Amino acid sequence: MSEPSGSLGKSYDPRPIEDKWYAWWLERGLFEGNPGAGKPPFSIVIPPPNVTGSLHMGHALNNTLQDIQCRFKRMNGYDVLWLPGTDHAGIATQNVVERNLASQGISRHDLGREAFVEKVWEWKEQYGNRIVNQLKKLGASCDWRRERFTMDEGLSRAVRAVFVRLYKEGLIYKGKYIINWCPRCQTALSDLEVEHQESGGNLYHVLYRFPDAEGGVTVATTRPETILGDVAIAIHPRDEKNRHLVGRVVLVPLVGREIPIIEDPMVDPEFGTGCVKITPAHDPNDFLVGQRHGLESIQVIDSEGRMNQAAGKYFGMDRFEARKAVLKDLDSQGCLLQVEEHLHSVGHCYRCRTVVEPYLSEQWFVRAKPLAEAGVEAVRAGRIRFVPEQWTGTYYQWMEEIRDWCISRQLWWGHRIPAWTCSVCGHITVSEADPDICESCGSTAIHQDEDVLDTWFSSALWPFSTLGWPDPTPELARYYPTSLLVTGFDIIFFWVARMIMMGLHFMGEVPFRDTYIHALVRDESGQKMSKSKGNVIDPLDIIDEYGADALRLTLAALTVQGRDILLSTNRIETFRFFLNKLWNASRLALSSLEGKTRDREIDPLSLRLHDRWILTRLDEVILETTRDLEGYFFGEAAKLLYDFVWGELCDWYLEMAKPALRGEEGERRKETTQAVLCRVFESVLKLLHPFIPFLTEELWHAFRFSERSLQEEEWPKPGGKVAVPPVCLEEMSAFQEAVRAIRNLRAEARLNPQQTAPLVRADLKEGLELLFRENSDLLRLLCRIERFEITPANAPSPGKCLSAVLPQGSFYLEVEGLIDIEAEIGRLNQEMEKLEADLNRFRAKLANSQFLKNAPAEIVEKEKERLREGETRLLRIRDNLQSLSAGE
């Protein structure tokens with residue numbers, strides 16, 4: 001890396017800056033945690049992105065917020081470990097590799113399991129680091145030496161250890177159960193991996209005839225193809241309308257099988273006719289009913305979504321094709337009584353969008369209830385805090401209604417289940433090490449379970465497995481529990497809850513103290529970003545065009561707890577302009593400091609109003625920014641710094657400091673102003689560093705504040721060697737208000753911005769004369785006026801002026817000779833006439849009771865505001881007419 005420069009180019013270009021400083025940070029090992037450091041620890045584990053992934057805006061937000069906290073904590077004296085890694089992403093990765101093979105005319109079955117898994121590893125080695133490199137482009141200050149992968153050797157050992165222990169504790173079992181099955185991906189899905197969508201369909205009313213009498217029972221169903229697997233009809237025990245049917249039997253249409261009519265509280269008596277068909281092999285609720293009543297499960301749809309042999313004449317048909325055939329046959333037999341449109345929720349595979357099939361299958365499960373109880377208690381006891389707090393209730397609700405977790409997946413890529421079944425005695429051996437023989441009978445005829453574990457199983461162990469568990473490592477002792485988890489609300493249940501359950505069970509301690517839940521990044525109209533809508537903003541494109549700092553600052557500034565982010569390139573451009581502003585302000589400061597930025601002492605006796613003001617405001621901003629970041633108020637902190645730098649430092653202080661910096665106020669004042677500039681810029685760069693690390697590092701070294709990185713510097717603290725009286729804030733506010741008023745008078749007179757006005761007079765309130773006399777040179781500078789005069793108390797108002805009345809007094813801009821007064825009087829009279837007509841119309845509307853009754857509250861308030869603004873403007877016009885006409 002080139003030596004830091006003491007000067008800055010004319011324009012800010014992020015591209016050479018960002019790559020340069022990231023390489024320098026890595027070279028110096030600034031991101032590395034140190035278990036032996038004599039500092040308090042602060043640790044975060046990254047939500048591991050899928051190894052198949054590419055950086056999207058959700059990643060950009062999540063990792064920006066984590067990085068802000070990590071840099072903030074480093075500067076506050078913490079030993080920070082931000083542990084990175086990626087997830088093997090079972091279904092997603094297998095799908096990618098299968099598609100690549102399919103393009104070559106090869107299937108995974110052609111290769112066989114071992115060869116296919118080898119292909120996936122090859123793909124991972126070739127493409128798996130893509131998202132890691134993209135995170136580096138964003139500026140993520142992870143300890144990359146410790147990067148983990150959910151299928152690396154250490155984590156694989158942890159996964160096996162957890163599985164074996166849970167199995168031996170009776171918390172993992174194998175059993176038949178209705179699961180969510182994807183016929184396309186050929187694997188089970190957890191409840192959370194099913195995405196439900198409202199879909200228009202039909203409700204079919206079907207007659208089930210009595211075998212020994214006329215008539216029958218009418219049942220409403222959305223899935224007539226599953227009628228072939230019906231084993232009962234159920235009604236609610238309190239359904240008086242249908243209760244007389246209990247104990248009778250009916251015939252299954254098309255099949256002729258006799259089935260009983262039973263009672264069960266699962267039935268919604270308001271749905272359809274109140275009589276519900278029970279198909280245990282094809283509906284999760286029906287499966288539970290079947291278990292309660294000892295009913296047979298008849299499976300009529302296979303794993304590929306086709307009708308099996310139990311479906312009789314429909315064997316081999318696709319399930320949707322079979323639906324049409326069944327309906328035709330029901331109609332021909334007089335059993336299809338009615339078809340009505342019906343809106344219902346249909347589950348889809350979260351990966352391939354295929355309609356999910358409830359499927360009776362033998363799977364592996366975790367008994368979730370005992371683990372969840374401990375997880376609920378940990379949050380209730382305050383050992384884990386959700387931010388914003390609103391997510392606590394959502395967490396409780398899900399944990400208290402939790403079902404057993406199906407953890408087996410019919411894939412080849414993933415952690416293969418460490419269970420071996422004996423072909424001789426049928427015993428299942430579960431072991432951390434691959435066994436050679438059956439632990440029950442000693443036979444060598446054992447074979448390992450073909451399934452792999454749900455990807456979220458290994459992710460649930462992430463906070464402690466990545467730190468070396470099951471070994472008692474120094475990292476585990478120092479950094480667990482982690483300090484903070486930053487994640488999106490969409491994986492509270494997929495990941496957050498499961499990490500809490502596993503951490504408590506295996507470590508006896510929560511996995512993290514604070515859980516910050518961020519919102520979604522949407523487009524500017526509030527729509528979710530998607531490729532199909534064409535509204536995706538690619539963070540990599542943004543980084544190429546605007547730089548990583550501009551993207552980071554935009555995302556941080558738009559982050560408000562509990563509110564989604566509405567993002568557009570216009571907003572990113574706004575914050576890119578801010579970076580330009582900071583660059584130019586730094587260039588101005590550097591050019592005024594004459595190469596000396598260190599060891600400058602502020603002379604308190606040489607401070608003027610604006611010096612005292614900016615130092616006081618700096619202390620306030622330091623306190624507020626620190627409080628905001630400690631409370632995870634990222635947006636509030638970013639906007640505070642934005643407003644301070646642009647609206648106070650640049651717009652006011654630098655302008656007021658220019659005469660002193662040019663030497664116009666003497667050498668002592670020049671040195672004092674330079675010292676104030678150094679104090680302000682040194683602190684501002686530190687405060688901004690967590691948000692915009694690249695630019696601040698560049699400016700820090702341009703100022704030569706130190707040879708170290710900003711991350712090695714101390715976070716600024718308020719105060720210093722200079723005591724500043726608080727009254728300066730009130731005085732500066734009064735001064736600023738006067739400047740704004742005089743500038744407004746210039747605008748009303750339509751003076752050219754470069755044109756100097758000859759005179760402003762002021763009739764000031766008591767106690768303010770000294771303030772304006774001492775700072776009259778600055779008033780003249782900021783308002784472009786030649787002379788500023790303070791008139792004696794109770795002096796008559798001067799004529800041929802435009803005036804402004806403020807709490808501080810009245811200010812008069814002399815315009816004679818600057819404008820055509822007669823023409824201005826004529827213009828003001830015309831404006832007044834039009835304004836009075838508008839005001840009469842506003843008053844009439846607000847006096848109309850029908851308008852007040854029917855109009856939305858915001859419209860009424862808008863009309864009131866227009867009336868108030870108009871009345872204020874009318875007073876200004878009358879004042880100016882009186883002043884311009886005086887002396888005629």
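**Exercise 1. Find out whether C182 is buried or exposed, and why the structure holds zero disulfides.**

Step 1. Start with C182: its relative accessible area is 0%, so C182 is buried. (Buried means under 20% relative accessible area, exposed over 50%, and partly exposed in between, with a 1.4 Å probe and protein chains only.)

Step 2. Look for a partner. The closest cysteine sulfur to that of C182 sits in C352, 3.5 Å away, which is too far for a bond. (A disulfide is a pair of cysteine sulfur atoms within 2.5 Å.)

Step 3. Wrap up: the structure holds zero disulfides.

A quick note before you go on: this is a predicted model, where local features need pLDDT of at least 70, side-chain atom pairs count only at pLDDT 80 or more, and totals for chains, interfaces and linings use all residues. Residues are numbered from 1 along each chain as its sequence is written, and side-chain values use heavy atoms, with hydrogens and water left out.

**Exercise 2. Work out the order of the strands in the open sheet, and which helix packs on the sheet.**

Step 1. Line up the four strands: the order is β6-β5-β14-β16, with antiparallel pairing. (Helices, H or I with at least four residues, and strands, E with at least two, are DSSP runs numbered from the N terminus; two strands pair if DSSP finds at least two bridges between them.)

Step 2. Spot the edges. β6 (187-189) and β16 (405-406) each pair on one side only.

Step 3. Zoom in on β5 (residues 172-182): three bridges join β5 to β6. Here N180 stands opposite L189 in β6.

Step 4. (Contact means heavy atoms within 4.5 Å; axes are lines fitted to C-alpha atoms, for helices over the stretch in contact, and angles run from 0 to 180 degrees between N-to-C directions.)

**Exercise 3. Describe helix α26: what is its span, and which residues are buried?**

Step 1. Check the span. The 26 residues of α26 (821-846) reach 36 Å from first C-alpha to last, close to the 38 Å expected at 1.5 Å a residue. (The expected span is 1.5 Å times one less than the number of residues.)

Step 2. Pick out buried residues: among them are I821, L828, L835 and F842.

Step 3. See what covers them. The cover includes α23 (727-748), α27 (849-854) and α28 (857-885).

**Exercise 4. Trace the salt bridges of E831.**

Step 1. Take R827: its side chain meets that of E831 in a salt bridge (3.2 Å, N to O). (A salt bridge is a side-chain nitrogen of Lys or Arg within 4 Å of a carboxyl oxygen of Asp or Glu.)

Step 2. E831 and R827 are four residues apart in α26, so about one helical turn separates them.

Step 3. Now take R873, whose closest atoms give an N to O distance of 2.9 Å in a salt bridge with E831. Because E831 lies in α26 and R873 in α28, this pair ties together parts 42 residues apart in sequence.
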